Amino acid sequence: MKQRGLWHSGWRAVTLICCFVVLLVIAAILPVPAFDRPLSTVVLAEDGRLLGAHIADDGQWRFPPGESLNKKYSMALIHYEDRCFYGHPGVNPVALVRALYLNLRQGEIVSGGSTISMQLARMSGRNPPRTVPRKVLEMMMALKLELFHGKDEILAMYASNAPFGGNVVGIDAGSWRYFGRGADDLSWAEACMLAVLPNAPSLVYPGVNDPRLKKKRDELLDLLCERGVIDAMTRDLAVDEELPGRIHDLPAAGAHITAHYVNDRPGGRYRTTIDYDLQENVLAAAGRHHDINMQNGVHNIAALVVEAETGRVLAYAGNVSTPGEEHGGNVDMIRARRSTGSILKPFLYAAMLESGELLPEMLVRDVPVEFGGYSPENFNLEYNGAVHASEALRRSLNIPAVEMLLDYSPARFLLFLREMGFTTFDRSAGNYGLSLILGGGEACLHELVGAYAHMVMRLKHPGEQGDVEIYAEPCYDISEQEMLAMDEALPLTPASAWFTFKALRDVNRPEDRTGWEHFASSDEIAWKTGTSYGYRDAWAIGFNSDYVVGVWTGNADGEGRAGLTGLSGAAPLLFDIFDLLDGGGWFEMPTAGMSEVEICLESGHRAGPLCTRTAMRMIPGSGLVSSACPYHKLVHLDSERKYRVSDACYSAQAMEHVSYFVLPPSQEWYYRKHHPGYREIPPWMPGCEGGGDDNNIELLYPRKLDGLYIPLEHDGSRGRIVFEAAVRDRDEKLYWHLDEQFIAETQLIHQVGIDAGPGEHILTLVDSKGNRLVRNITVLGKESRK
């Protein structure tokens, strides 16, 4: 009998060992509970407040796990679901025995005895039917879960994946949907309500069975009070709190930022650099100005604020729009490509300063022009003859900008823009032509503000060779490729940037000057506006040493509206935004890289020996290669200074030699209307005409004479090259000669069509006083076109 008992005992031990081994094998091959379900895209401000969220691909509001778990919620959850959570290995035998006893006593399942870890294992299997084998499987999965994850991790996983009724999953989504705020700010009543919801989310959630939900919540509050977690007063105050009466909409202060992440990196939690309070204030200000613009049929407005020192985006109003899909409110106008208007002019000014081809006050032509059928005009349809470059920039004059681009060349400027970080100018220079400077290309507000911010930072850090890190992107997580792009050196020195900013700070508000004085600010702000052709886009960019602000307004569908300009449509919001910003200083002059030279005050060039009014001025060092003043000319007058004379008709000893500031004929006529003090050269003394002065005649068109093409007419016949000239005396006649052969006589309108064969020719223009202008021209043949 004793041997038989030992045999039975050994058999039982082997059976137990085999069962244990089987359980170990099953546990080994079981997966650790994990969740691979799609997540909502969540975007936060810098302080952690919610800017916006987008529902997960499966239609659930399932936020990515947060950085921490609300302590009130975790305590309420543990006391409600699993009081011994921190004391068991994933399975609580005592709870299982108690559940078995209660179920047998009641004759039905009233308790499952599941721990939080077991419930998490069940959630990972998408809540399958409750069976005994499934319960055993969940127990083993819970044990394995505890081997690989800490208790706090398990608690956070549960909170992130627990169902909270409807399509709400997780504590963060539940807090926002039911209470309209984040889980960090939950009250005891709110934490307890969320703790009891996963127990029966399909039967009990706000708006469905509210009395039952409140009863369960209040019972948990009583339990916490009994166990000393909260005091009686806290319990009483919490019990008096009402349940949420409705589902809350999620914040949409960063709708277009959220859309950006949904498109690029969906299903993540992103903390941006956005200042939440500033974001709301900018949106409110944009809304007020949108209501004003809407009266003119302008339905969209966007604004971007960047911190100059760090390059961080502080506010991002992608599109404040009139309600209705037809107005394109979902389009992010900060990243949309739009015609630039005049907003690129400061970059051309800076580029020419950098190359030494321009000095800050150098004169630039401002007369009616035509370039192969392209006839730009100033906004006010007036012309100055010649204007200082900085003034042309301040007043946003179109003709001087086109003249500057002609000198600099569209190809070089296009390269410069790309080096400044623009990616939207993706066509050839020939395709853009001279219209590039007046809106012939497209840019987005994002890159415009980024480019101006690059210039600000270059000026704030003049001693650094490389570029200071900057990103016009509202997020911290920038790719390595983007970081490398940020470190590339800019094509500008601090000196060129400083003179550009100085011109914009001293801005004489653009041509439509009405009301600009209302925008005056106590802070020093440099700013520039732009208006695209057809009044489709209105731009305003402003900056000081601390901030860069950009505003665009117009219609997303491209419809133009008469009267929509950068000054009227965008600048008012720009200055309202600056009123929201703290402080803002100006830039110190970067003396390194500058030189002090004598400047001709009339022409803005380096002073020549004949300049009469000069001053010492600082210029970019690159400007040392610029030419001396070409406009001052020594004129020989009679003793009374009434007439011009020459040694052929007047005694050299009696002559008066006077320096005159003399502009070309086409510029002089317009210039003297705006400058009453301009001195015209006296006429020739009777009998002294024929001095051979070629400054009396100016060839206006074509500009380039060494590669002319003969155009073909519509019928294929050979056409003519049109030449245009100007003479100082507008009533003067001009006599045209080609290769010493007379071809035409003109008066008032000096235009001639010339038919010249391929090869080199000599064009000679002579007025009735004998003044001559001689130019060599080269006409290309058909083979040169190929």
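Among contacts (heavy atoms within 4.5 Å) in the protein chain between residues at least 6 apart in sequence, 66% join residues at least 24 apart. The model is predicted: local features need pLDDT of at least 70, side-chain atom pairs count only at pLDDT 80 or more, and totals for chains, interfaces and linings use all residues. Residues are numbered from 1 along each chain as its sequence is written, and side-chain values use heavy atoms, with hydrogens and water left out.

The protein chain contains 22 helices and 26 strands. Helices (H or I, at least four residues) and strands (E, at least two) are DSSP runs, numbered from the N terminus. Of the 786 residues in the chain, 52% are buried; buried means under 20% relative accessible area, exposed over 50%, and partly exposed in between, with a 1.4 Å probe and protein chains only. The chain exposes about 36700 Å², of which carbon and sulfur atoms supply 52%. Accessible areas come from the Shrake-Rupley method with a 1.4 Å probe, and for residues only the protein chains shown count as cover.

The interior can be followed through its nonpolar cores. A nonpolar core is a set of buried Ala, Val, Leu, Ile, Met, Phe, Trp, Tyr and Cys residues joined through side-chain atoms within 4.5 Å. The largest one has 87 residues, and Leu344, Phe347, Phe413 and Phe422 have the most contacts inside it. Helix α18 (residues 445–460) gives the largest share of this core, nine residues. Leaving aside residues up to four places away in sequence, phenylalanine 422 touches Leu344, Phe347, Leu417, Ala443, Glu447, Leu448 and Ala451. A second, separate core has 48 residues, among them Met123, Tyr158, Ile171 and Trp188.

One of the sheets is open and has five strands in the order β7-β6-β14-β13-β12, with antiparallel pairing. Two strands pair if DSSP finds at least two bridges between them. At the edges are β7 and β12 (526–531), each of which pairs on one side only. Neighbouring strands of this sheet are turned by 5° against each other on average, direction ignored. Axes are lines fitted to C-alpha atoms, for helices over the stretch in contact, and angles run from 0 to 180 degrees between N-to-C directions. Between β12 and β13 (residues 537–543), the antiparallel pairing extends over six bridges; threonine 531 has alanine 538 in β13 as its bridge partner. Helix α12 (residues 276–294) packs on the sheet and touches β6, β7 and β14 (547–554), its direction making about 30° with that of β7.

Charged pairs come next. Side chains of opposite charge can pair when their charged atoms come close. A salt bridge is a side-chain nitrogen of Lys or Arg within 4 Å of a carboxyl oxygen of Asp or Glu, and the whole structure has 29 of them. In one, arginine 312 meets glutamate 46, with the closest N and O atoms 2.4 Å apart. This pair links distant parts of the chain, 266 residues apart: arginine 312 is in the loop between β6 (300–307) and β7 (313–321), and glutamate 46 is in the loop between β1 (41–44) and β2 (50–54). Arginine 312 counts as buried because its relative accessibility is 15%, while glutamate 46, at 31%, counts as partly exposed.

Another salt bridge joins the side chains of arginine 335 and aspartate 332 (3.9 Å, N to O). Here arginine 335 is partly exposed at 28% relative accessible area, and aspartate 332 is buried at 14%. Glutamate 640 and lysine 642 also form a salt bridge, their closest N and O atoms being 3.7 Å apart; both glutamate 640 and lysine 642 are exposed. Elsewhere, salt bridges with shared partners join Glu668, Arg672, Glu680 and Arg728 into one network.

Some backbone details remain. The peptide bond from tyrosine 701 to proline 702 is cis, with omega near 0°, and proline 702 lies in the loop between β19 (697–701) and β20 (708–709). Glutamate 740, a residue other than glycine, has a positive phi near 65°. Its place is the loop between β22 (733–738) and β23 (741–747), where glutamate 740 is exposed with a relative accessible area of 72%. Leucine 748 likewise is not a glycine and has a positive phi, of about 70°. Leucine 748 is in the loop between β23 and β24 (751–754), and counts as exposed at 58% relative accessibility.
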